[in-house]
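Please keep the sequence and the coordinates open while reading.

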Amino acid sequence: VGGVELPLVFHITRGADGSLTTTMDSPAQGAMGIPTSATRLEGDRLVIEVAAISGRFEGGFSEDGSAIEGVWSQGPNELPLTLTRGEPEKPARPQEPRPPFPYRVEDVRFANDFAGIELAGTLTLPEGEGPFPAVVLISGSGPQDRDETLLGHKPFLVIADHFTRRGIAVLRFDDRGVGESEGSFATATSADFATDAHAAVQYLARRPEIAADRIGLVGHSEGGLIAPMVAAHHDDVAFVVLMAGPGVPGSEILTEQGARILTANGVSQELVESNRARQERLFRVVREAPAEELAARIESELRAEIEGMGPEERAVAGVTEDQLETVIRQQVQQLSSPWFRYFLTYDPREALRRVTVPVLVVNGSLDLQVPADQNVPEIEAALREAGNHDVTVRVFEGLNHLFQPATTGSPNEYATIETTFSPEVLDVMAGWILERFGGR
């Protein structure tokens, strides 16, 4: 799909009565345990239907019975698919560090007194007495654990390991309501997550191994929106590193993100533009509707948009007749959430214009989720308005949103790439921090 090979896994079980049931995984897309609607043998043909995603596989057994060769259909697309028996291989992740480590690893808990919750994380401390410069890692959107685990990758584990080996202490923690952290993720906004990040800074400042005047924030994606919010309001933040951080409001990012990902996946420009217009209309409702009417107004707009779609548009949007109500319910829930409305309307330049501490901005040229050409110039301009004279910007050629070497930058590639995080970017970030805050 879009030049990327996407493996599919079918878990087929025969019941006591001889009936077949199946679940499906798409590991590259992080979709596991998708229920199928039908599995049946028709002579020597196997048919598996997946109504939830408008998918269907039909194939026949090879002569020796070792494979089932057929076609996967999804919407208007038909692609060859050969099934072979076996256990799915765990993807190779060569960068993932393994113990023993040449540094201290400590599970910690710290309080966010403002929110009345306790957060849990991992602190890694370099060898020696210190005091060490330190960073707090702030994750991207969605409920993330302390390693920012996604699609088999653990980016924050890799970053923490690299930094700590270089002499920088690192605190990474589970988002509120995730893992061992207290609180509710579903009702929180980026402003709430900013109080969690500041609580982490305050915790580090109380540790004797940490240099309280050399604590910085390293934020990825939404974390790159949150870090300036904290630095703009608290003078205990010594520096900021923005990894694929937003420079414009979420409404602008999401419409551009949607267009670029569809284009990378081979969707026609006509459908890309109609999808962009549809998103803009929906986002206008989210921004302007009174809170008490928001869910009803979103549902009404969604139904009108879907009714106006042709078959190909519906396929691109993943809308089938039997899943219509499920899609609408899920979309209403997402679009009417406190986080989404906040993210859609918040302008990150408001905080960036008040950040005067040293800032490192790193982005990938193939980032389709937070495009560098859309966001980096706005970040730079806002920091100039702040009178900030220590701003370093690096856009790395050929890297995607996760700072992996990529072909198209599409999220479809994330799980298929062995590299978790570019070693070059790791070196640049650690070197930049140590040049300013190390060795004292």
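Helices (H or I, at least four residues) and strands (E, at least two) are DSSP runs, numbered from the N terminus. The model is predicted, so local features need pLDDT of at least 70 and side-chain atom pairs count only at pLDDT 80 or more, while totals for chains, interfaces and linings use all residues. Residues are numbered from 1 along each chain as its sequence is written, and side-chain values use heavy atoms, with hydrogens and water left out.

Start at serine 221, which sits in the loop between strand 13 (210-220) and helix 3 (222-233). Buried means under 20% relative accessible area, exposed over 50%, and partly exposed in between (1.4 Å probe, protein chains only). Serine 221 counts as buried because its relative accessibility is 10%. A contact means heavy atoms within 4.5 Å. Leaving aside residues up to four places away in sequence, serine 221 touches Gly140, Met243, Ala244, Gly245, Pro246, Val370 and His401. The backbone of serine 221 has a phi near 60 degrees, a positive value in a residue other than glycine. Most residues other than glycine have a negative phi, and most peptide bonds are trans.

Leucine 151, in the loop between strand 11 and helix 1 (155-165), has a positive phi near 50 degrees although the residue is not glycine. Proline 99 and proline 100 are joined by a cis peptide bond with omega of about 5 degrees; proline 100 belongs to the loop between strand 8 (77-84) and strand 9. A cis bond also leads from glycine 130 to proline 131, with omega near 5 degrees. Proline 131 is found in the loop between strand 10 and strand 11 (132-138).

How many of the residues of helix 1 are buried? Ten of its eleven residues are, and the helix is mostly covered. Among them are Pro155, Phe156, Leu157, Asp161 and His162. The cover over these buried residues includes strand 10, strand 11, strand 12, strand 13, strand 14 (239-243) and helix 12 (423-437). Just after helix 1, glycine 167 takes a positive phi of about 105 degrees.

One of the elements covering helix 1 is strand 10, which spans residues 117-125 and is itself mostly covered, with eight of its nine residues buried. Two strands pair if DSSP finds at least two bridges between them. Strand 10 pairs with strand 9 (residues 104-112) in the antiparallel sense over nine bridges. Within this pairing, phenylalanine 110 has leucine 119 of strand 10 as its bridge partner. The two strands form a hairpin with four residues between them, and glycine 116 in the turn has a positive phi of about 70 degrees. Strand 10 is also joined to strand 12 (residues 169-173) by four bridges, again running antiparallel. There, glycine 121 stands opposite phenylalanine 173 of strand 12. In a regular strand the side chains alternate between the two faces of the sheet.

Six bridges join strand 2 to strand 1 (residues 9-14), and the two run antiparallel. In this pair, histidine 11 has threonine 23 of strand 2 as its bridge partner. The hairpin of strand 1 and strand 2 has five residues between the strands, and glycine 18 in that hairpin takes a positive phi near 90 degrees. Strand 2 also runs antiparallel to strand 3 (residues 31-35), to which three bridges join it. Serine 26 has alanine 31 of strand 3 as its bridge partner.

The chain as a whole has twelve helices and 16 strands. The radius of gyration is taken over C-alpha atoms, and the globule rule is 2.2 Å times the number of residues to the power 0.38. For 440 residues a compact globule would have a radius of gyration near 22 Å, and the protein chain, with 24 Å, agrees. The C-alpha trace spans about 75 × 55 × 40 Å along its principal axes. Buried residues make up 53% of the 440 residues. Of the contacts between residues at least 6 apart in sequence, 64% join residues at least 24 apart.
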